[in-house]
Amino acid sequence: MEPSTTSAGSQTDTFGEVIDMLSQKDIAIEKLMSTKEINFISENIRDDTQMKCVTSFTIKEFYCIYRFLMIEDDLSMDTKRPIDRYFLFLVKLRTGISNEFLAILFGFSDSTVSCDFNFVTDVLYEKFKLQDVFPSKDQVIRYMPPPFRMYCKNVRIIVDCTEIEMQKPSSPILVVVTKMLIPLKV
């Protein structure tokens, strides 16, 4: 009697077929690991929907902001391209995915991803700290919704408290230190 390959509307594979699929998967993984080509770069994203999904910007906005900030020289430290550091930074901000996963996507080490993210954060802080981001009181009042204007006459700004998930250290000692340095929200 031959083993059945179907069962109650779902497919069940024989042991031999499973072994074949696993070996094919292993071959595919080895092939992927042997190619050092990194395909997750901003130039390979040709669709605004995809770019917005990973960076919150359209392709045109992504490159315009990059050129406007003039951070090419600031982000040039070693063999990594500055645009890749900027792209990594925006992907992490938008998606909140782990450094380990970003390391796989970009072909960097975990520590390089962490260092690059912190470095781009510092560079962007230096660029943006000089910008006047607060509107004048007249502008605030002019564009404030009428019910809000009636009850909150002295409002000058509304702060959006966007949360950025951070990775937690695996070492118990570092967990304690992190909790001491970054107080919990109330």
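**Entry 1: two phenylalanines.** I started with F62 and F87, and both are buried. The model is predicted, so I keep that in mind for every entry below. I then asked how the two rings sit to each other. The centres of the F62 and F87 rings are 5.8 Å apart and their planes stand at 85°, which makes the pair edge-to-face because that angle is over the cut-off of 60 degrees. I also checked where the partners come from.

**Entry 2: another pair.** Next I looked up F106 and F108. Their ring centres lie 6.0 Å apart with planes at 35°, so I note this pair as tilted. Are these two residues buried or exposed? F106 has 2% relative accessibility and therefore counts as buried. F108 comes to 17%, and it is buried too, because the limit is under 20%.

Entry 3: How many aromatic pairs does the whole structure hold? My search gave 9. I was pleased to see that ring pairs join F40, F62, Y63, Y66, Y86, F87, F106 and F108 into a cluster.

**Entry 4: a charge and a ring.** I also looked for charged ends over rings. K92 has its charged end over the ring of F117, at 5.9 Å from the ring centre.

Entry 5: F15, V18, I19, M21 and L22 make a nonpolar surface patch of about 480 Å².

**Entry 6: the whole chain.** Last, I stepped back for the totals. I counted 9 helices and 2 strands. Read from the N terminus, the order of elements is β-β-α-α-α-α-α-α-α-α-α. The chain has 186 residues, of which 22% count as buried. Its accessible surface comes to about 14500 Å², and carbon and sulfur atoms own 62% of that. I checked contacts too: among those with a separation of 6 or more, 43% are between residues 24 or more positions apart.

Notes. Residues numbered from 1 in each chain as written. Predicted model: local features only at pLDDT ≥ 70, side-chain atom pairs only at ≥ 80, totals over all residues. Heavy atoms only, no water. Patch = residues over 30% accessible without salt bridge, like charges linked within 9 Å, V, L, I, M, F, W, Y side chains within 5 Å. Areas by Shrake-Rupley, 256 points an atom, 1.4 Å probe, with all protein chains shown as cover. Salt bridge = Lys/Arg side-chain N within 4 Å of Asp/Glu carboxyl O. Phe/Tyr/Trp six-rings, centres within 6.5 Å; stacked < 30°, edge-to-face > 60°. Buried < 20%, exposed > 50% of the residue type's maximum accessible area, 1.4 Å probe, protein only. Lys NZ or Arg CZ within 6 Å of the ring centre and 35° of its normal. Helix = DSSP H or I, 4+ residues; strand = E, 2+ residues; numbered from the N terminus. Contact = heavy atoms within 4.5 Å.
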